[in-house]
Each structure stands twice: as structure tokens, then as C-alpha cells.
Amino acid sequence: MGVKEAAELAGRVLDEVQRAVVGKREALMLVLTAVLAKGHVLLEDFPGLGKTLAARSFARALGLDFSRAQFTPDLLPADLTGSFLYNQQRSEFEFRPGPLFTGLLLADEINRTPPKTQSALLEAMQERQVTVEGETFPLPEPFHVLATANPIEYEGTYPLPEAQLDRFLLRVSFGYPTSEEEYDVLARRVERRREEIELDTVTDAAGLLAMQAAVESVQVDESVGRYCVALAAATRDHPDVLTGSSPRGSLGLLLAARGFAVLRGRDYVIPEDVKAVSRPVLAHRITVKPELWMTSASGRTIVDAVLSQVTAPSTMEARR
């Protein structure tokens, strides 16, 4: 599959998902960008803004197997990975896979489970495999995690450690809809006369793998790659920052920018692609100094400051 075909197919996926999630195309583009870049997404926003619906809709439109794990304080790692159970008929232990063995996993309210269970995701997200009782089991291809988190309720929650936050390629927020968009949600519900939204399957797992292969063919000029490095490095030197982005952040910029370029129908990356994904890629990888926690300083404001300070290279169109 070429980039043009991948862009057309991705556009059809977005159109189908927007039948369920109203008016959030920019945020949905970011989610699909991460999927095309073989990454995972943290959806952090207030309750009732369509996070779970978006995950389920993407799984349907992309033709992926879908599992949902509701993260609670009593959830155990084996509840995610699966475990060995004794089969009396065969007189032996056999592995029963957990919800991680799927194409798209919705990790709902990931910050409501203890670190021991959160860490069960680390190997799966990074290595695409799980290890149970010393035996390793590969996860299906493709495999993606869309996790949700509530940013306002901290009672009874376990904030994600930096090591696990770093595993998410993007952190995306949907935000409240406009009044017109909110009315559109109501009108669509009345028109279909049922709660469920039936979406069509646009592609399948093999089609998504072909789209991801097309992303790997996207060209990245050296100046754009060095721009990604400069942005990540600048977050480490900002006076408000305790710890800045790791090299995984600059790599995430490059990977996400390639996916975003495909959505725009291009087989090469321009600085505007990097800027478009900078906030969701870098903001959650930045830790603000403790004395500034009660101020307006945040990962997002620091990324905005870095974008205004670091000089972007000339666009590829200008060179051509």
C-alpha cells in the first residue's frame, strides 16, 4: 500500500469514527496518528466526553479485536495477562489468555489501579509480549492500548509513574464540545432511536498493518530530524522544568510526525507536522518543578514556549 492509498483509507476511518464521536476530528486525527505510528494513546479528560466511545469506534472501524479492562484497586496483573489454570480433562496446566491478547485494548481509568497492576502493561506496550510464570507469549499484531484517565478525581487513584507515561506516544484530550456539536449529539440520538451506534468496518488488521508499513516509507529530512532533537533538548533546559523529555520524546516526535504526514497525504515530513504533534507527544514527558505546581506552569505551557524559541527549518515545499 502506498502513502496515497493509506491516506485515503485513514480518511475513511476518521469519517466513520466521526459518526459516533461528534466534532472532535482534530483529536481523532491525533489518536489515529499514534495508531499509524504503532504507538499507544493516553486519553486524559473529564468524564462523559467520549473517550470510551472513541476507543470502541476505532476498534470497529479498523476491524480490530477489542477488549476492555476496567481498572480498579483490586485488579491483579493476572487479570490482564492471563494465567495458567489446571485442566482436569488433560491433567495439565494450560494458559488462559487475558484481555491483553487483542488488537485494541481499552484500559479504562488506568490511574485507579495500583502500580503493580499498571506495570503489567509495561512489557506488553513496549515489547508486544507478556511473561507469565517464566513463559513468554507474543501479543497479536497489531496491538494498541488506548488508556483513559480522569484528571480531576485524585481520591483513591494512583498517578502513573514517569516510566509508564513515557510508554504512551501521545496524550490527547477531547475537551468540551461547542453548543452546536452538543446539540448534534442529542439530535443523532433521537434520530437513530436506540442507544447503540452501528459503525461499518472500513478495514481489518491486515489493512492497518499495510497502512503502518506505508508510514515507514515516509521520508524525513535531516533538518526535520534535528528539529525534533532540538525541541526535546530545549525542554530539559527550560527554567521551570525539573525533568525534561527523554530521547524517547524526540523519537516520538519523528514517529508521530510521519503518521500525521500520511493523514495529510504526503510521503515526507515538514516542520508543521512536528509542530502539530509536539504538545501531545512532549507535554506528558515533562515534570514541572514542585514549587511551581500551584502556578500556571505545565508541560503544555513549556512545550508552547519551546516551540516559540526553537527555530524551525524551512519547509520541504519551499525547497522543492
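**Exercise 1. State how many aromatic pairs the structure has, then classify the pair of Phe46 and Tyr176.**

The count comes to six aromatic pairs. The rule takes rings of Phe, Tyr and Trp (its six-membered ring) as paired if their centres lie within 6.5 Å; planes under 30 degrees apart are stacked, over 60 edge-to-face, and the rest tilted. For Phe46 and Tyr176 the ring centres are 5.7 Å apart and the planes meet at 20°, so this pair is stacked.

Phe46 sits in the loop between β1 (41–44) and α3 (51–62), and Tyr176 in the loop between β9 (170–172) and α8 (179–192); the two are 130 residues apart. Helices (H or I, at least four residues) and strands (E, at least two) are DSSP runs, numbered from the N terminus.

The model is predicted: local features need pLDDT of at least 70, side-chain atom pairs count only at pLDDT 80 or more, and totals for chains, interfaces and linings use all residues. Residues are numbered from 1 along each chain as its sequence is written, and side-chain values use heavy atoms, with hydrogens and water left out.

**Exercise 2. Decide whether Phe46 and Tyr176 are buried, partly exposed or exposed.**

Buried means under 20% relative accessible area, exposed over 50%, and partly exposed in between (1.4 Å probe, protein chains only). Phe46 has 28% relative accessibility and is therefore partly exposed. Tyr176, with 59%, is exposed. Of the 320 residues of the protein chain, 51% count as buried.

**Exercise 3. Name the residues that ring pairs link into a cluster.**

The cluster consists of Phe84, Phe95, Phe101 and Phe137.
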